[in-house]
Amino acid sequence: MEVMVLGSGIIGTASAWFLRQAGHEVTVIERQPGAAQETSFANGCQISVSHAEPWANPAAPMKVLKWLGREDAPLLFRLRPEWLQWRWGLQFLRECTAARTDHNIRQIVALCEYSRQTLQAVRAETGIEYDHLTRGILHFYTEQRDFDESLRAAKLMRDLGCPRQSIDADEVVRIEPALAASRDRIVGGDYTATDESGDVYKFTTGLADRAEQAGVAFRFNTTVTRLLTEGAGASARITGVEVIDEHGVHRTLRADAYVMAMGSFSEQLMKPLGIDLMIYPGKGYSATYKVTNPDAAPTVSLTDDGYKLVVSRLGDRLRVAGTCELNGYTRELNTTRCEAITRRTRELFPDACDYDNPAYWTGLRPLTPSNVPYVGKSRYGNLFLNTGHGTLGWTMGCGSGRAIAEIVSGRQPEVDFAFTGMERPRGAAFPGKQVASA
Ligand SMILES: Cc1cc2nc3c(=O)[nH]c(=O)nc-3n(C[C@H](O)[C@H](O)[C@H](O)COP(=O)(O)OP(=O)(O)OC[C@H]3O[C@@H](n4cnc5c(N)ncnc54)[C@H](O)[C@@H]3O)c2cc1C
């Protein structure tokens, strides 16, 4: 079958790889000159099964209200006269009940775990080099109340089979000695040895190269403007994709099946088809520093709870990422936010890096209110969805790609996840997630 994948971030590229492995003829359409140039370019680089709790949880409404208008808030709603943002916000509130949170965590853990195993298998098979480290993720706390609350989250993760162990401050510094200078401020932590880190850009571009060698056609500098449809009800289908190609020429490209993997921009192209994806861009920041003193820079991937920042060592670079702003599609760099990241990183690891020449970046997380992505079928028989991976797209990327290739091929993926528009296998604990009118 000929399959067209729309978008070449981690999600589209992994989809293309597994579709090709399943024997399909695959073409990838991407507006940028290469793979992984947008949100999959410079993220926090954590493969983080242990942090499956979505932002929508019972404590979130009060926190979000408290943070409204605060420039340094970890999650900042900038209220706009925009229908999608308000609907998204209301849906976010609905996802904050204990029952919905429990449901969502289980979905996310299942997909993340499957994805990490898939990533490990791809790594072994392809030998892609992406500065990965398998030294776990260490989450440290500087407020006693936050640490106390984390004990419950860590236990829940253990109950779901993820070995997130709560530890005291001395153990935190034993696991990551680069935190020694901050020992007095740390009140405790938790550590998940099975988590990993690695450069999402290097991995995705490496996988795109391998996919191309295996026969996948990449059409870069090609922008999708519209999906064409025919039929109604059960016989509704996609007949082609209108694009502006690399020479600026308008064309229609056709395939037997289509996979939507355009991250934050998926919603705009699905809306005219009557597919109501609840995806809103969550703008985040990262800073990348050159490591000048390797022994003073961490090698265990870290989560700094107080500042909601994640830190990953990528060879001779240190990547620090975080913050989320719901403010439309702008990717403008806010100097105050950038400088706050550098100030905090310098405070934690004073002699580790060249802090005078940071590379700052912003990206748009494709956020669903629940942080559970859309992976599965739409109401168009030959249109499949793999989008809305929010805060964990790198962690879920390989697993989502493998799963969508199974679904396009007419098979049920091995993982017990509420795939969009599909029944769960018998004995599964949760009903399938439905997309409004999809
Ligand atoms: C600051 C920050 C830190 C993060 N840290 C982590 C982390 O530590 N761990 C983790 O698991 N996740 C993390 N994430 C989330 C993760 O980066 C995203 O979930 C993931 O990159 C989304 O991948 P994607 O392929 O869906 O989207 P993208 O990478 O954005 O890919 C979508 C592609 O579609 C293309 N496209 C869009 N519109 C069109 C069009 N009209 N025509 C053609 N092509 C189009 C785009 O150019 C793009 O290449 C972080 C995100 C941010 C912003």
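**Aromatic close-ups**

**View 1. Phenylalanine 77 and phenylalanine 92 are both buried.** Here "buried" means under 20% relative accessible area, with a 1.4 Å probe and protein chains only (over 50% would be exposed, in between partly exposed). This is a predicted model, so local features need pLDDT of at least 70, side-chain atom pairs count only at pLDDT 80 or more, and totals for chains, interfaces and linings use all residues. Numbering runs from 1 along each chain as its sequence is written, and side-chain values use heavy atoms, with hydrogens and water left out.

**View 2. There are 13 aromatic pairs by the ring rule.** That rule takes rings of Phe, Tyr and Trp (its six-membered ring) with centres within 6.5 Å; planes under 30 degrees apart are stacked, over 60 edge-to-face, and the rest tilted. One of them joins phenylalanine 77 to phenylalanine 92, edge-to-face at 6.1 Å centre to centre and 70 degrees between the planes. Phenylalanine 77 sits in strand 4 (residues 75-77) and phenylalanine 92 in helix 3 (residues 83-94), so this pair ties together parts 15 residues apart in sequence. Helices (H or I, at least four residues) and strands (E, at least two) are DSSP runs, numbered from the N terminus.

**View 3. Tryptophan 88 and tyrosine 280 make a tilted pair, because their ring centres are 6.4 Å apart and their planes at 45 degrees.** Tryptophan 88 is in helix 3 and tyrosine 280 in strand 14 (residues 280-291), 192 residues apart. Both count as buried: tryptophan 88 at 3% relative accessibility, tyrosine 280 at 0%. Ring pairs link Phe77, Trp88, Phe92 and Tyr280 into a cluster.
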